[in-house]
Amino acid sequence: HYELLIGGVVIPLIATLGINNKVNFMEKYGTGAPNSTGAYELDYSLANDFNHAWREMHVASDVFCAANIVLPDRKGRVLSVGGWSFESTQGVRFYTPDGSPGVNGTNDWEEHWDQIHLQQGRWYPGAMVMANGSILIVGGEEGSNGAPVPSLEVLPKPEGGPTYLTMDWLLRTDPNNLYPFLYVLPGKGIFIIYFNEARILDEKTFETIKTFPIIPGAVTGPAGRVYPLEGSSMILPQHAPYTDPVEILTCGGSAFGLALDNCVSIEPEGAGEWIIERMPSKRVMTITTALPDGTYMIMGGAKAGVAGFGLANTPNLQAIMYDPSKPRHQRFSILGETSVARMYHSEAILLHDGRVLVTGSDPQDQLNPQEYRMEVYVPPYLTDGRVQPSYTIVERDWVFEGTYNIQVTLPQGPISQMRVSLVGASSTTHGATYGQRTFFPAFSCNGNSCQVTAPPGPYICPPGWYMLFILDGPTPSHSQWVRIGGDIGNLGSWPNTGGFVLPGMGGIEQ
């Protein structure tokens with residue numbers, strides 16, 4: 001069921017859960033109050049204390065339709081790239097989460113355009129941490145409904161002159177390919193969904209290795225899955241020993257005004273064919289989040305239109321769940337309704353306590369409000385009267401294939417029914433959740449002492465920060481953060497231009 005969490009001070013378009021277990025929000029200039037600073041942090045542990053729950057932050061340029069990701073450096077910095085116009089479209093911004101629940105932080109966003117900026121201005125770009133620990137930035141437009149920027153670039157920038165690469169498939173599909181969905185594949189390629197197409201890129205040359213059939217959507221004609229024909233996409237859980245092909249799920253979207261009533265899934269390194277599953281209702285501007293039990297909550301959006309200001313109507317107030325452990329075509333269940341429309345610029349993000357934070361809505365349509373209220377959805381696993389389990393952990397900086405001890409407390413038990421999951425640190429905007437990944441790693445227990453084995457490498461598990469949950473039957477614990485794979489891209493020493501407070505290299509406890 002939905003619950004009101006707190007009144008807001010921001011109408012966010014980007015939401016990121018930091019490794020300090022606080023949520024960082026970004027807002028485009030002119031969306032909210034005239035004195036908005038464009039960035040705020042919510043300490044949801046203080047939700048009953050409005051004045052202390054919110055912390056004002058600051059950005060130096062307009063972050064309207066930037067892209068954010070959580071970096072694998074030792075401090076879990078949040079990186080924001082791109083923006084709305086002029087210098088902001090080349091913006092490269094960093095925030096180092098600090099403080100903890102109930103303890104105020106003091107760090108703010110850092111941005112120095114004269115020291116570091118993108119090679120090309122980008123409005124609505126995609127972003128992804130690659131297997132080698134560097135950052136891939138994809139596509140976008142010049143800003144303010146400008147010309148396409150049909151190229152890729154890598155951060156930190158390789159040495160030499162211009163190193164961005166132009167892609168004819170991005171140019172051909174503009175403007176219907178923005179905020180593309182991006183995934184590292186176990187076979188060392190990069191899977192990308194854009195407009196109604198998908199392909200695998202070579203991770204080094206970025207040449208196309210494989211293309212796929214057009215993504216089905218509507219019988220009436222072409223339909224898109226990314227902004228502005230906006231659906232949402234998730235990689236389904238990966239289970240030890242990680243021998244099954246990964247599967248990508250994409251739900252909702254629009255056939256140029258006709259909201260879609262289906263999800264499609266594909267195994268890019270398996271059969272490579274799209275499978276359609278019917279949703280209970282139509283949905284464009286879909287917001288989706290991964291849950292620690294391996295299911296997915298699908299919420300928000302509208303039943304008609306496309307993404308944008310005043311371009312959609314009939315809010316979809318019904319939450320639904322997708323459970324990939326059930327037989328195909330039997331995976332949806334209908335959950336609770338809200339009275340709060342979540343239209344354009346809405347977000348859903350998993351919190352460390354297992355609830356889902358639901359925020360935003362910036363429709364500018366004279367029908368639905370500009371939405372400051374923050375809700376949480378309490379999933380079924382927290383409403384059946386069971387007590388959440390808990391665990392203690394000492395080592396939180398994991399190497400691939402390493403084994404790590406946790407001491408578990410299961411109020412219900414037995415331990416034979418326990419599971420362990422890892423959910424990637426992510427940032428969400430416009431249906432894209434960059435960094436999302438879910439694992440069920442191998443583990444063994446002797447009494448209440450359990451050994452968890454980290455996933456085997458950066459193609460299975462891209463280096464980064466992950467929320468570690470244990471599940472007592474269906475019920476998840478609160479998570480704790482672990483870093484897997486270290487900072488193999490040496491991002492902790494970047495940018496070395498001066499003007500930034502850098503995490504440095506080394507372990508997370510140093």
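## Second largest cavity

The second largest cavity of this predicted model holds about 80 Å³ of space. A cavity is a set of points, on a 1 Å grid over the protein atoms alone, where a 1.4 Å probe fits but cannot get out; lining residues have an atom within 4 Å of a point. A volume is the space filled by probe spheres set on the points, which are joined across faces, edges and corners.

Its lining includes L17, T289, A290, I349, L350, V423 and M467. At least two lining residues come from each of β24 (287-290), β30 (346-350) and β36 (418-424), strands being DSSP runs of E with at least two residues, numbered from the N terminus. By class, seven lining residues are nonpolar, five polar and none charged; Ala, Val, Leu, Ile, Met, Phe, Trp, Tyr, Cys and Pro count as nonpolar, Asp, Glu, Lys and Arg as charged, and the others, Gly among them, as polar.

## Largest cavity

The greatest contribution is that of β13, with four residues. The lining comprises 17 nonpolar, six polar and one charged residues.

## Basis of the values

Residues are numbered from 1 along each chain as its sequence is written, and side-chain values use heavy atoms, leaving out hydrogens and water. Local features need pLDDT of at least 70 and side-chain atom pairs count only at pLDDT 80 or more, whereas totals for chains, interfaces and linings use all residues.

Notes
1 Å grid on protein atoms, 1.4 Å probe; cavity = no way out; pocket = protein on both sides within 12 Å on 5 of 7 lines; lining within 4 Å.
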